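Me: Could you take a close look at one part of this complex for me, the contact between its chains? I'd be glad of one connected account that also covers what lies around that part.

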Amino acid sequence: MADYAHPEVLVSTDWVDQHKTDPNVVIAEVDVDTTAYNEGHVPGSIGWNWQTQLCDTVQRDVISKTDLEKLLGNSGITNNTTVVLYGDNNNWFAAWALWQLKMYGHKDARIMNGGRKKWLAEGKQLSKDVPSTKLVTYTATNRDESIRTYLNQAMQAMQASDYVMVDVRSADEYSGKILSPPGLPETCQRGGHIPGAKNIPWGQACNEDGTFKSRDELQTLYGGKGVTSDKNVIAYCRIGERSSHTWFVLKYLLGYPSVTNYDGSWTEWGNLVGAPVEKAMPASS
Amino acid sequence: MKSEHFAEEFRELHSTRVCITTYCIGDEFHCHVSNADPGATIARASAKTKEDAERVAINKALERLSFRIQ
C-alpha cells in the first residue's frame with residue numbers, strides 16, 4: 001500500500017484486527033446489503049445504513065451537516081477519531097461514506113482494503129454484538145463542495161477540453177442496453193451515457209480478493225483511457241455510490257489533484273428532458 | 001465466532017451472470033446472489049445448511065430476474 005499517493009487512507013484487515021479495541025479508532029461497516037452487518041461484523045464495529053443514515057431522507061441529497069454531527073456524535077466519533085470504513089461489494093458504500101465525511105471536513109477517515117469480503121474470506125473474528133457507544137459532540141465544517149459536481153457543472157464540463165468524465169457503470173448500462181443493473185429497479189427514462197464520457201467500470205480497480213489494484217495497474221487502467229491527472233475528472237454512475245469508489249481511487253490512490261463525484265449521476269441525467277445522450281460504445285471498447 | 005467455508009461461484013441465471021457467495025457464521029449458512037456486474041445483491045437467504053441457503057436465495061433471485069425480463 002506504500003506505493004499509493006496517499007497510503008494513509010488505506011488500512012489492511014490485519015491492521016484493523018490489531019486496532020479494533022483502540023479507543024481512538026472507530027470502525028464502521030457500511031453495506032450495500034443493509035442487513036449484512038447483522039450476520040456478524042468486525043468486533044466492536046458499528047453499522048451505518050446508507051439508505052437512512054447517510055443521506056437526506058426527504059429530498060434527494062447527501063446527509064445534512066446537522067444530521068452528520070448527530071450520527072458521528074452518537075457513534076462516539078470526535079473530530080480527532082480515526083474512522084475506519086469497510087463494507088460489502090469491495091467497499092462501495094464505505095467509499096460513499098468516506099466521500100461524505102471528507103465533504104464535512106473529517107480529517108482521519110480510512111478504508112479497510114478488501115472490505116467485508118476479505119475479512120470473511122480470511123476467517124477473522126466476527127461478532128453479532130452491537131457496541132454501546134459513548135455520546136460525544138462532533139462539530140463538522142461547512143460542506144466542501146469542491147469534491148462534488150452538480151448537474152449544471154456536469155453540463156458545462158461535457159463541452160470543456162480540460163475536463164474528462166468517467167462513467168463507472170457496467171458496459172451494458174453505459175451503452176444503454178439496460179437501464180439498471182440486473183435485478184435492481186430501473187430509475188431512469190433513457191439509457192446511455194453523457195456524451196464523451198469514458199467507460200471504466202468501478203470494479204476494474206479491484207483485485208479478486210476485493211483489495212485495490214496496485215498504483216501502476218490503476219495508472220494504466222485510467223491513463224489508458226484518457227483519464228489523466230492533468231484533467232479535471234468527474235466520476236458518475238447511477239446514484240453516485242459506485243462513482244465515490246472511483247473518486248477515492250483517483251484522488252487518494254493515484255493522487256489526481258482535481259476529482260469530483262457527480263452524485264446526481266445517471267438517475268438525474270437520464271431523466272432530464274432534452275439532455276444529450278450518447279449510446280454508442282467507443283471503437284476501442 | 002468466525003466465518004467458515006467462504007466460497008464464491010459464478011453462474012448464469014436467466015441469462016444474467018451472477019455471483020453466488022456462501023459462508024457459515026456460527027451455526028447459520030448465508031447465501032447472497034449478486035449480479036456479477038456491478039455486484040449488487042439481488043437476493044439473500046440464511047439457513048441451517050448451505051444447500052438450503054443457496055436454494056432459497058437462488059429461487060428469490062430467479063423471481064426477481066424473471067420479473068425484470070418480462
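Reply:

**Where the chains meet**

Happy to. The contact between the two chains draws 22 residues from chain A and 22 residues from chain B. On the chain A side, the residues that touch chain B divide by class into nine nonpolar, eight polar and five charged. Please keep in mind that this is a predicted model. For the complex, the predictor reports an ipTM of 0.87 along with a pTM of 0.94.

Within chain B, strand β2 (residues 16-25) has the highest mean pLDDT of the elements, 95, while helix α1 (residues 50-69) of chain B has the lowest, 88.

Chain A also has a contact inside itself. Its domain assignment gives domain 1 (7-143) and domain 2 (146-269), and the centres of these two domains of chain A, taken over C-alpha atoms, are 23 Å apart. Where they touch, domain 1 of chain A contributes 19 residues and domain 2 of chain A contributes 17. On the domain 1 side, helices α4 (88-103) and α5 (115-121) of chain A each provide at least two residues. The largest share comes from α4 of chain A, with ten residues. By class, this side of domain 1 of chain A, facing domain 2 of chain A, holds eleven nonpolar, five polar and three charged residues.

Note on methods: Residues numbered from 1 in each chain as written. Chains lettered and ligands numbered in written order. Predicted model: local features only at pLDDT ≥ 70, side-chain atom pairs only at ≥ 80, totals over all residues. pLDDT = per-residue confidence, 0-100. Helix = DSSP H or I, 4+ residues; strand = E, 2+ residues; numbered from the N terminus. Domains from an automatic or database assignment. Contact = placed C-beta atoms within 7 Å. Nonpolar A, V, L, I, M, F, W, Y, C, P; charged D, E, K, R; others polar.
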